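Hi,

Here's the structure I promised to pass along.

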Amino acid sequence: MVVVTKSNLTRHNSSNSFTIPTVDISSSAISEQTAMVRACEEIGFFKVINHGANPRTIAQLEAETDGFFSKSQLEKERCSYYGNKTIGRNGDVGWLEYLLMHAAASSEIKSSHSYLLCCLRDYIAELKRVTCQILEKMAVAMRCRERDELSRMVKDKESDSMFRVNYYPTCPSGHSFTGFGEHTDPQIISVLRSNNTNGLQISLPDGRWVSVPSDRNSFFIFVGDSLQVLTNGRFRSVRHRVVANSYSPRISMIYFGGPANGEKIRPMATLMEEGEESKYKEFTWSEYKMSACKSKLGDDRLRKFQRQ
Ligand code: GA4
């Protein structure tokens, strides 16, 4: 059993005087493209409105996961995707329960499986589409030669994308435990949707932590470590964390768009200026993933791949 003790109780000082950059993904206006690139460069995070994902698919998954997490511990543990408090393999813990799966596994789910699994499959398929649309807008905005220069990695049949649903139960009255400790995501991009409970915080380049007000109608986008490398450090992989509260449980669903195991993660040639050198040693996604598996959640995983 994992006990979340006083040592996981942190002071979560965060400031609120910050406006989350917002991008209307349905718009083809240049101003939206510019806002997206600027948000990725300056913060590594933005909110997407008018995403066009099927509201029914979203609502069904939210209802089903709500139901799943209110089941008995024994029943939840029967599900092979279920996890409770432990994060990764190196002793990290958080005040959460979750479902974690490879996105590709979802395409194997048959209609005869449980309704929860079918909802996961449908949501993941929808999110893959939205994620690729965002990556294509990004490639166009960055003036990449091909619009699918980023999205092709997530579209790849071998793509190692992941999906997780995090459930943060309420804390004992007056407490705010660390739900998910600070970290960056190793993949290319993460697309998060939550219920209407706050808790997500991001770290700004000046070191300040800011709270991100929840918005169940929007998606929140995180630049991952791989996208930082693909853009040779132009985009910033954003550190973030989640703080649980004592008044209402938070549920978030995150699609992590990742490349295939053999994909080389190195700056995209079309983005490099003449004579520009890579800031990173070249690595494949499977090498990076293996190194991430050995790390602690809060580690700076890119550091060892940085060129001096
Ligand atoms: C962070 C992003 C995703 O949730 C995740 C996490 C993974 C895990 O929960 O097993 C990791 C973490 C995440 C990064 C470092 C390693 C691996 C826990 C951990 C300590 C599924 C992922 O891909 O990387």
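**What I found**

UniProt, in an unreviewed entry, places the feature "domain: Fe2OG dioxygenase" at residues 158-259; positions are in the numbering used here, feature names are shortened, and annotations may be inferred rather than shown by experiment. The end C-alpha atoms of that span lie 8 Å apart, and residues 158-259 are 6% helix and 42% strand.

Two housekeeping points. Residues are numbered from 1 along each chain as its sequence is written. This is a predicted model, where local features need pLDDT of at least 70, side-chain atom pairs count only at pLDDT 80 or more, and totals for chains, interfaces and linings use all residues.

On the fold: the protein chain has seven helices and 14 strands (DSSP runs numbered from the N terminus, H or I of at least four residues for helices, E of at least two for strands). Of its 308 residues, 39% count as buried, meaning 20 or more other C-beta atoms, placed from the backbone, lie within 10 Å of the residue's own. The C-alpha atoms fill a box of roughly 60 × 45 × 35 Å along the principal axes.

Now the ligand: 16 residues surround it, and the closest are I87, G88, D185, A292 and L297 (the cut-off is a C-beta atom, placed from the backbone, within 6 Å). Strand 4 (92-102), strand 5 (162-168) and helix 7 (285-293) are the elements that give two or more residues to this shell. By type, the shell residues divide into eight nonpolar, four polar and four charged, with Asp, Glu, Lys and Arg as charged, Ala, Val, Leu, Ile, Met, Phe, Trp, Tyr, Cys and Pro as nonpolar, and the others, Gly among them, as polar.

Cheers

Definitions and conventions. Buried ≥ 20, exposed ≤ 12 C-beta atoms within 10 Å, placed from the backbone.
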